[in-house]
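Hello,

Here is the structure I promised to pass on. My notes follow below it.

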Amino acid sequence: MFRRVYLDNSATTAVDPAVVEAMLPYLTEDYGNASSIHFFGQRARAAVDKARHQVADLLNARPNEVIFTSGGTESNNLAVRGFAEANQQHGHHIISSVIEHSAVKTVCEDLEEKGFDITYLPVNEAGIVRIEDVAAAVRDDTILITVMLANNEIGTLQPVEEIGRMVRQLKDQGHRIRFHTDAVQAAGKMPVDVEAIGCDLLSISGHKIYAPKGIGALYVRRGTRLHPQNIGGRQERGIRGGTESVPNIVAIGKAAEMAKQELSSEIVKLSSLLSRFESKVGERVPDIVFNGDRDRRLPNISNISFRGVEGEGLLINLDMHGIAVSTGSACSSGSIEPSRIIAALGRDDQLARSAIRFSFGKNNSVEDVDQVLEVLPHAVESLRTLSRNS
Ligand SMILES: *Cc1c(COP(=O)(O)O)cnc(C)c1O
């Protein structure tokens with residue numbers, strides 16, 4: 001029997017059945033507009049309020065610091081462009097990194113065209129920004145640091161708590177600087193606490209934590225001014241206009257609640273799947289390079305370069321055997337560009353082109369790992385033989 005194994009949970013996840021169950025009534029019975037005054041509206045408003053508490057709880061935030069958006073991309077747009085537009089009287093300098101998700105990178109590039117000055121911090125060979133580089137980049141006119149919590153291709157964790165501490169000290173000295181972090185990959189895979197991090201803005205997305213696509217949230221610390229990117233309605237305290245997607249908001253609330261409840265057991269489960277996978281790949285497949293930091297990383301992402309193999313070719317070969325993986329960010333697959341993230345680690349072009357991301361999720365099992373371990377050595381060997389003979 002042909003059995004498919006999904007190892008692309010960093011691209012998107014299956015919606016949890018309990019999340020579906022929680023959101024369904026808000027499609028058919030409690031379909032009111034949360035802004036309406038009547039009974040139907042009140043039911044919807046109560047559901048949105050509850051979800052706001054659930055998301056706030058996951059992040060150790062206050063409910064009125066949570067803004068619902070359409071996803072991680074919009075959260076990042078609202079955080080970075082919304083902040084830049086609302087605070088440009090204090091300066092035009094923003095600090096980011098070379099390994100941000102395209103939803104931050106592209107916004108930064110767009111702001112550059114509008115007169116902002118962006119410093120893109122490099123990373124070391126494990127994919128980590130150095131705190132000394134962050135400190136050295138800060139200027140009097142720096143208004144924002146945007147550095148992600150965990151990278152989506154290699155899972156490496158950035159020193160966000162150190163950055164947060166530095167930003168707090170600068171604020172104490174009267175500096176206007178603020179700190180945004182993209183926590184889309186980190187949420188549900190590690191503790192994400194806005195107070196421990198010391199950030200002012202933090203992005204999450206529903207479909208990376210077993211809620212549907214098209215819903216996300218932005219944590220906005222009290223007193224942080226943002227220029228709305230969607231205008232035309234007074235929803236979300238005027239920061240994000242548009243009728244609330246109540247079913248999706250209920251879904252991300254439920255998903256956040258479950259992520260919090262299941263966090264410690266998920267970490268144990270994912271780490272054990274990952275270490276089984278990595279130790280056996282290391283034994284069975286010669287000439288590979290693990291990308292990213294071995295310790296400071298998420299428990300569910302393994303990124304490996306297979307020397308002498310085209311990543312796209314391996315992805316297609318694995319897919320024919322029922323195994324779904326990624327060559328990096330989903331947005332860049334389909335193009336034959338080497339991963340800019342792997343290239344930023346200082347790997348040569350060939351290694352950057354041969355990188356594959358295996359990302360595990362809560363629906364994966366030991367059988368899944370073992371099935372990949374059956375297929376992968378042959379797939380790599382046959383592609384290497386092909387390229388040797390061509
Ligand atoms: C997926 C992802 C996003 C984008 O989120 P969407 O909800 O798909 O728009 C942003 N940042 C990171 C790190 C991601 O992995």
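Which side chain has an N or O atom 2.7 Å from an oxygen atom of the ligand? The side chain of His207 does.

First, the ground rules. This is a predicted model, in which local features need pLDDT of at least 70 and side-chain atom pairs count only at pLDDT 80 or more, while totals for chains, interfaces and linings use all residues. Residues are numbered from 1 along each chain as its sequence is written, and side-chain values use heavy atoms, with hydrogens and water left out.

**The ligand**

Thr73 has a polar side-chain atom 2.6 Å from a ligand oxygen atom. Ser205 also places a polar side-chain atom 2.6 Å from an oxygen atom of the ligand. (A polar contact is a pair of N or O atoms within 3.5 Å; within protein, one must be able to donate a hydrogen and the other to accept it, and residues adjacent in sequence count only if both atoms are side-chain atoms.) Taken alone, the ligand exposes 380 Å², and the protein buries 88% of that (Shrake-Rupley method, 1.4 Å probe; for residues, only the protein chains shown count as cover).

The ligand has 13 residues around it (a heavy atom within 4 Å). Thr73, Asp182, Gln185, Ser205 and Lys208 come nearest. The shell holds two nonpolar, nine polar and two charged residues. Here Ala, Val, Leu, Ile, Met, Phe, Trp, Tyr, Cys and Pro count as nonpolar, Asp, Glu, Lys and Arg as charged, and the others, Gly among them, as polar. Helix α4 (residues 72-87) gives the largest share of the shell, three residues.

Helices (H or I, at least four residues) and strands (E, at least two) are DSSP runs, numbered from the N terminus. Strands pair if DSSP finds at least two bridges between them.

This open sheet runs β2-β8-β7-β6-β5-β3-β4, with mixed pairing. β2 (66-69) and β4 (117-121) each have a single partner strand, so one side of each lacks a neighbour in the sheet. Four bridges pair β2 with β8 (residues 216-220) in the antiparallel sense. Thr69 stands opposite Gly216 in β8.

**The three-strand sheet**

The other open sheet has the order β9-β10-β12, with antiparallel pairing. Its edge strands are β9 (288-291) and β12 (355-359). Five bridges join β10 (residues 301-306) to β12. Ile304 stands opposite Ile356 in β12.

Best wishes
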